[in-house]
Amino acid sequence: MTPLVGIVLVSHRAEIALGVRSLVAELAGAGVMVTAAGGTDDGGTGTSYARILDALHSTATDAGVLVLPDLGSSVLTTRLVLDDHPGIRAVLADAPFVEGAVAAAVTAATGAALPTVAEAAEQARRISKF
């Protein structure tokens with residue numbers, strides 16, 4: 001079986017990352033690995049270099065990993081991790097957290113390549129809710 005693009009959700013709260021992960025995993029099916037990297041190492045609000053790195057390592061496939069941050073420091077921390085570990089094939093998406101995650105996971109489930117999955121996530125910002 002061809003590996004599918006994995007998805008890492010980086011949020012300031014573990015509960016948010018886990019909740020979105022649950023939704024996305026249900027919609028995308030079992031084939032797409034979705035990992036939550038939320039909160040600080042001590043369970044507080046913020047982002048954790050170690051949690052992001054662990055999530056990237058556990059989610060990495062030959063197809064690559066799409067990373068969706070929620071806001072602010074989750075972007076900065078993820079960029080730092082990716083800069084420090086250039087061997088990890090990952091793309092950081094500038095996308096709405098929930099809608100982008102859903103679009104990315106559903107697209108990844110089709111076997112799409114990493115650039116296509118990233119584009120689907122980023123295009124989600126243009127989808128009207130009304």
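Three bridges tie E3 to E4, and the two strands run parallel; strands here (E, at least two residues) and helices (H or I, at least four) are DSSP runs numbered from the N terminus, and two strands pair if DSSP finds at least two bridges between them. In E4, Ala 90 is the bridge partner of Val 65. The model is a predicted one, with local features needing pLDDT of at least 70 and side-chain atom pairs counting only at pLDDT 80 or more, while totals for chains, interfaces and linings use all residues. Residues are numbered from 1 along each chain as its sequence is written, and side-chain values use heavy atoms, with hydrogens and water left out.

Now for the whole sheet. Four strands make up an open, parallel sheet, in the order E2-E1-E3-E4. Strand E2 (34-38) and strand E4 (90-92) sit at the edges, each pairing on one side only. On average, neighbouring strands are turned by 20 degrees against each other, direction ignored; axes are lines fitted to C-alpha atoms, for helices over the stretch in contact, and angles run from 0 to 180 degrees between N-to-C directions. E1 is joined to E3 by five bridges, again parallel, and Ile 7 stands opposite Leu 66 in E3. E1 also pairs with E2 in the parallel sense, over five bridges, with Ser 11 opposite Gly 38 in E2.

As for burial, five of the five residues of E3 are buried, so the strand is largely enclosed by the rest of the structure; buried means under 20% relative accessible area, exposed over 50%, and partly exposed in between (1.4 Å probe, protein chains only). In a regular strand, side chains alternate between the two faces of the sheet. Both faces of E3 are covered, with Val 65, Val 67 and Pro 69 buried on one side and Leu 66 and Leu 68 on the other. E2 has four of its five residues buried, so E2 too is largely enclosed by the rest of the structure.

Then come the helices. H4 (residues 97-109) packs at about 35 degrees to H1 (residues 14-28), their axes 9 Å apart. This crossing is right-handed, that is, the near helix is turned clockwise from the far one by less than a right angle (left-handed if anticlockwise). On the H1 side the contact (heavy atoms within 4.5 Å) takes in Ile 16, Val 20, Leu 23, Val 24, Leu 27 and Ala 28. H4 brings Phe 97, Val 98, Ala 101, Val 102, Ala 105, Val 106 and Ala 109. The residues of this contact split into 13 nonpolar, no polar and no charged, where Ala, Val, Leu, Ile, Met, Phe, Trp, Tyr, Cys and Pro count as nonpolar, Asp, Glu, Lys and Arg as charged, and the others, Gly among them, as polar.

The buried residues of H4, including Phe 97, Gly 100 and Thr 107, pack against strand E1 (6-11), H1, strand E3 (65-69) and helix H5 (114-123). Just after H4, Gly 111 takes a positive phi of about 90 degrees.
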